Amino acid sequence: MAELEMIPIYIMGKRYQVPNTLTIMGALEYAGYQLIRGVGCRASFCGACATVYRQEGDPKLYIGLACGTLVQPGMYLTQIPFYPAERAQYRLEELPPTFATLVRLYPQLLKCLGCGTCTKSCPQDLKVKDYMAAAMRGDIARVADLSFDCIMCGMCVSRCPAEEAQPNIAILARRLYGRYLAPKAQHLAQRVAEINAGKHDEALAQMKAITDAEMRQRYNTRDIEPE
Amino acid sequence: MKLEGYTPSMRESLDRVVAGRPARLHTDWPMLSPAEKQEILRKFHPDYVPEGMRALRLGPNKGGRTPVELAALLEGHSWLRGAKLDLEDVDFDSDVLIIGGGGAGSAAALTAREQGAKVLMITKLRHGDANTMMAQGGIQASDKENDSPARHYLDVIGGGHFSNDPDLVEALVRDAPEVILWLENLGCMFDKAPDGTLITIHGGGTSRKRMHSARDYSGAEIMRALRDEVRSYPEDITVVEFAPAIELLMDDKGQVAGAVLQNLETEEHAIVRARQTIIATGGSGRLHYMSYACTNHYGATGDGLIMAYRIGARLAFIDTMQYHPTGAAYPEQIIGLLVTEKVRGLGAQVLNIHGEQFVFPRETRDVEASAIIREVKERGNGVKTPSGFEGVWLDSPMVDILHGPGTVQKELPAMVRQFRRFGVDIVHDPMLVYPTLHYQNGGIAIRPDCTTDFPGLLVAGEASGGVHGRNRLMGNSLLDVTVFGRRAGRTAGAQFRNMQLGKLTLAHVDAWEKELAVAGVETDVQSPLILPDYTRHGR
């Protein structure tokens with residue numbers, strides 16, 4: 001049985017006693033905060049709850065998601081629910097999927113120092129520096145792959161000495177890759193053309209017209225594609 | 001607190017799981033017969049627990065079974081009772097108002113814009129803070145040679161226990177391939193083979209492999225792309241965050257004509273006048289029906305249902321909720337967190353404390369969840385955790401054995417990360433799971449073009465009801481939000497020019513208060529809820 005123990009934490013410098021089994025988010029709520037900012041999906045998908053913290057006796061700053069990080073005794077913490085990263089204006093359908101596009105929209109890209117502070121600050125443990133390096137080489141596919149799990153919390157931006165907008169460069173790269181560079185699904189376009197040509201109308205109309213009893217019969221005896 | 005993975009007593013059970021694995025690796029427990037499915041649902045599904053539901057005392061669904069938590073809010077008072085608002089002092093005038101900034105709202109904004117509408121999208125938290133962002137497993141569409149919209153239709157209707165609205169289902173399956181193509185063109189990175197063929201797998205209740213995914217960030221990938229696309233049109237689409245709608249506005253002709261917003265940070269009200277209003281507020285898992293933990297976004301409090309019901313809109317299938325079979329049961333910090341159905345889609349089996357199978361791994365969600373509840377509550381075959389919670393094993397290491405080393409990491413990176421944060425390695429150890437409240441099967445009744453009985457009011461996504469009947473299949477909610485979001489936007493975009501608005505009014509709020517009195521409802525509840533209260537002093 002895990003010991004339930006009350007521990008001190010410091011929320012924006014103010015001390016609270018909270019159970020040691022809580023996440024930072026749970027601890028904020030336990031302390032009495034009705035969260036509006038700094039809370040979202042509560043499951044590490046949305047990037048709303050990025051939190052900067054430090055442990056007692058350790059000068060190093062850590063970054064974690066409040067919903068995905070356990071409290072520890074003596075933790076000093078503050079949430080950073082929003083960070084004003086630059087986002088370029090563009091229409092995806094007008095963009096060539098090239099290095100020139102990345103640089104035109106985000107000229108700052110070329111000023112990346114390669115210091116790796118972004119990688120150290122990523123609560124998803126992404127190799128941010130590596131995808132920025134790929135962006136500087138114009139390797140859009142690599143940027144897309146390495147940045148895929150980005151939740152756009154903005155913490156890399158907050159720590160970047162070159163004032164890069166890494167998550168926005170990354171989503172531009174992913175969208176360029178998805179639209180232009182990934183191989184197209186031919187069977188998909190073909191099925192859409194069939195549907196638009198009315199080729200599935202009759203089968204659908206027939207399916208809708210059958211009796212409830214026949215529908216059940218068909219459903220219960222339908223063949224299932226093997227694994 | 002140190003994280004140590006599983007406890008020694010849990011390890012004893014895990015030893016049995018590992019020992020039995022070779023023998024069951026290629027042999028799934030058989031599927032239940034139709035009669036057995038009905039019986040297990042009646043006996044074990046939370047929808048059938050009598051104390052969980054009660055009859056509504058007023059409104060269009062008067063007498064209808066409704067979850068007690070939702071009923072209390074539906075029968076609540078307006079926040080604007082007695083408020084003095086100057087409805088002539090309009091803060092936002094818009095062709096189309098979209099309430100909700102998730103997948104359905106964003107899809108609607110884009111298609112309404114295409115039709116030339118100026119769109120105001122308002123959202124309770126941030127744009128993209130929605131259940132769409134959290135959907136992991138995938139999105140269905142019949143785009144393979146051996147599949148067809150008609151076959152998808154049959155699976156949807158059967159999965160919904162033959163109760164679904166046929167016209168809505170037809171719309172869902174007919175538009176599905178087109179929606180995938182649309183998303184592909186928006187730059188969504190669906191999982192593909194090198195030749196571009198979309199990789200598709202089974203979900204619970206599918207007869208063909210038609211589940212498309214983007215690793216296990218499928219919903220996030222779709223939501224990120226939609227949000228980025230919305231941000232590409234700031235001149236046509238205005239997004240206002242942290243400003244939930246708290247009441248619909250009507251005009252003196254009985255048409256829906258906008259909404260009253262509340263700025264969550266300054267508490268100021270704002271008046272929105274709109275010629276078309278689309279409710280895309282999502283579900284209500286944060287009401288914690290039957291005291292279940294839930295997978296939902298913090299803002300999923302059913303606000304759209306409350307506002308629509310107050311003007312007299314009818315709800316459909318509101319007595320059925322989806323309990324996802326596999327929510328995390330351990331460690332306690334993530335109880336209720338979604339464990340994607342893709343894990344079972346990739347072949348992982350569900351096992352009891354003895355390491356034995358007791359259910360086919362890919363029954364429809366309601367049946368699978370009921371079987372797990374039976375195994376734990378009736379048969380006593382659950383695995384106990386230190387905090388007193390119980391669950392069953394989901395044998396994730398099977399995935400690498402069946403599909404090759406590295407598959408779990410490649411296909412389920414979010415799950416690996418989630419569990420690793422709390423000391424569990426799902427590549428080598430199974431996950432402990434128990435059903436968790438996941439989805440609102442029903443909602444506001446709509447037509448296939450997303451219109452309702454009220455001129456000016458449309459609904460799309462989880463807030464609507466009818467397409468899924470009494471049980472939604474995996475992969476049909478991302479499909480629902482995109483198909484019906486686009487349809488709502490198209491309809492609103494086509495209709496707004498012909499809408500002549502009269503004088504704005506909140507007379508329906510006064511009428512509602514009178515109805516409450518007539519029905520003898522005495523309550524302190526004000527609704528919509530807006531946010532759940534998890535503070536210690538609020539609990």
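Visitor: What makes up the secondary structure of chain A?
Guide: Chain A has 10 helices and 5 strands. Helices (H or I, at least four residues) and strands (E, at least two) are DSSP runs, numbered from the N terminus. The model is predicted: local features need pLDDT of at least 70 and side-chain atom pairs pLDDT 80 or more, while totals for chains, interfaces and linings use all residues. Residues are numbered from 1 along each chain as its sequence is written, with chains lettered from A and ligands numbered from 1 in the order in which they are written.

Visitor: How do you know whether chain B agrees with a compact globule?
Guide: The radius of gyration is taken over C-alpha atoms, and the globule rule is 2.2 Å times the number of residues to the power 0.38. For 539 residues a compact globule would have a radius near 24 Å; chain B has 23 Å, so chain B agrees with the rule.

Visitor: What radius of gyration does chain A have, against that of a compact globule?
Guide: Chain A has 25 Å, but a compact globule of 227 residues would have a value near 17 Å. The C-alpha trace of chain A spans about 70 × 55 × 30 Å along its principal axes.

Visitor: What makes a residue count as buried?
Guide: A residue is buried if 20 or more other C-beta atoms lie within 10 Å of its own, exposed if 12 or fewer, and partly exposed in between, with C-beta atoms placed from the backbone. By that count, 42% of the 227 residues in chain A are buried, and 61% of the 539 residues of chain B.

Visitor: How many residues of chain A are in contact with chain B?
Guide: Contact requires C-beta atoms, placed from the backbone, within 7 Å. On that basis 65 residues of chain A are in contact with 70 residues of chain B. Elements giving two or more residues to that side of chain A include α1 (24-31) and α9 (201-209).

Visitor: Why is α9(A) called roughly parallel to α6(B)?
Guide: Axes are lines fitted to C-alpha atoms, for helices over the stretch in contact, and angles run from 0 to 180 degrees between N-to-C directions. The axes of α9(A) and α6 (residues 149-159) of chain B come within 8 Å and cross at roughly 25 degrees. Angles under 35 degrees count as roughly parallel, over 145 as roughly antiparallel, 65 to 115 as roughly perpendicular and the rest as oblique. α9(A) is therefore roughly parallel to α6(B).

Conventions
Two residues are in contact if their C-beta atoms, placed from the backbone, lie within 7 Å.
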